[in-house]
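Please examine the structure shown below.

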Amino acid sequence: MRSNKNELSISYGHKPSSSFRWSKGLRYHPEMDDLGAFNATYTRRLTKVIGIGATYCFDPRILNCSENGIPICRLNESSHTFLCHLKINWLNTKYVNLYSKVGQGFYTWNYRLHEYQPNLYEIKLPSNTFSDRIKYAYQFVPIGIEVGTKQYAGFLQVGLGMESVIGIGFRYGLKDKE
C-alpha cells in the first residue's frame, strides 16, 4: 500500500511526554487528569520510502490540588507542540505499511488557575517567563503500522515523545494529480 504524495492524519496519543512535565514551583502534589494528546500531521512523500512533514500536538490536563482532603485549587494546563519529522516506510505491501518516524521541534504551555482561595492557602504558581514556557520537543517512533488502502488507512504507533507512547489514528492520502 504505497500512500499518496501528500498525507494528512489525525490521531490520539496516550501518555505524551508533556504529561510528565511538572509545574515548577507548585508545592502541592496534585491529582492529575491527563486526557492524552490530540495530533494533526501533514507528510509529503519524497520517495516511496522517505517522507518529511510537520505535526501539531495539543495536550490538555487538569491538576486538582488539595491538602488533607481540602481542595486548594484546580489548575488547567495545556501544551501546544510543533514538530518537523522524517518518516521512513520500511515495508510497503498492498494493504499494510510498517514505518518509523523521528521528529524535533518545540512546545509551549500555559495554565489557568480555578477555584483558588488565596485567603486560605498560598500557592507559588509556575514560572511565567518566556524561557520557561518554551521547551524542546521530540517524537521517536521505532515502529508504526498502517492498515488500509493508498488513500485511507488506520494506524497504530509505539514511541516516545510529545505525540504519545501509544498512538492510534487515521491517515488520508490526498489524491495525486495525474
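The count of salt bridges comes to 6, a salt bridge being a side-chain nitrogen of Lys or Arg within 4 Å of a carboxyl oxygen of Asp or Glu. Side chains of opposite charge can pair when their charged atoms come close. The model is predicted, so local features need pLDDT of at least 70 and side-chain atom pairs count only at pLDDT 80 or more, while totals for chains, interfaces and linings use all residues. Residues are numbered from 1 along each chain as its sequence is written, and side-chain values use heavy atoms, with hydrogens and water left out.

One of these pairs consists of glutamate 77 and arginine 61, whose side chains meet at 2.5 Å, N to O. The pair links distant parts of the chain, with glutamate 77 in strand β5 and arginine 61 in strand β4, 16 residues apart. Both glutamate 77 and arginine 61 are buried; buried means under 20% relative accessible area, exposed over 50%, and partly exposed in between (1.4 Å probe, protein chains only).

Lysine 87 forms one with glutamate 146, the closest N and O atoms being 2.8 Å apart. This pair links distant parts of the chain: lysine 87 belongs to strand β5 and glutamate 146 to strand β7 (residues 134–148), 59 residues apart. The side chain of arginine 171 also meets that of glutamate 146 in a salt bridge, at 3.3 Å, N to O. Arginine 171 lies in strand β9 (residues 166–174) and glutamate 146 in strand β7, so the pair ties together parts that are 25 residues apart in sequence. Salt bridges that share partners join Glu7, Arg45, Lys87, Glu146 and Arg171 into one network. Glutamate 146 is buried, with a relative accessible area of 1%, and arginine 171 counts as buried at 1% relative accessibility.

The strands named above belong to a chain with 1 helix and 9 strands. Helices (H or I, at least four residues) and strands (E, at least two) are DSSP runs, numbered from the N terminus. Read along the sequence, the pattern is β-β-β-β-β-β-α-β-β-β. Of the 178 residues of the protein chain, 43% count as buried.

Strand β5 also holds histidine 85. Histidine 85 is buried because its relative accessible area is 5%. A polar contact of 2.9 Å joins the side chains of histidine 85 and threonine 43; a polar contact is a pair of N or O atoms within 3.5 Å, where within protein one must be able to donate a hydrogen and the other to accept it, and residues adjacent in sequence count only if both atoms are side-chain atoms.

Which residues make up the largest nonpolar core? Its members are Cys57, Leu63, Leu75, Leu83, Tyr107, Trp109, Tyr111, Ala137 and Met162, 9 residues in all. Such a core is a set of buried Ala, Val, Leu, Ile, Met, Phe, Trp, Tyr and Cys residues joined through side-chain atoms within 4.5 Å. Strands β4 (50–67), β5 (70–92) and β6 (96–114) each supply at least two residues of this core, and β6 gives the most, with 3 residues.

Cysteine 57, a member of this core, counts as buried because its relative accessibility is 1%. Cysteine 84, by contrast, is exposed, with a relative accessible area of 58%. A search of the whole structure finds 0 disulfides, a disulfide being a pair of cysteine sulfur atoms within 2.5 Å.
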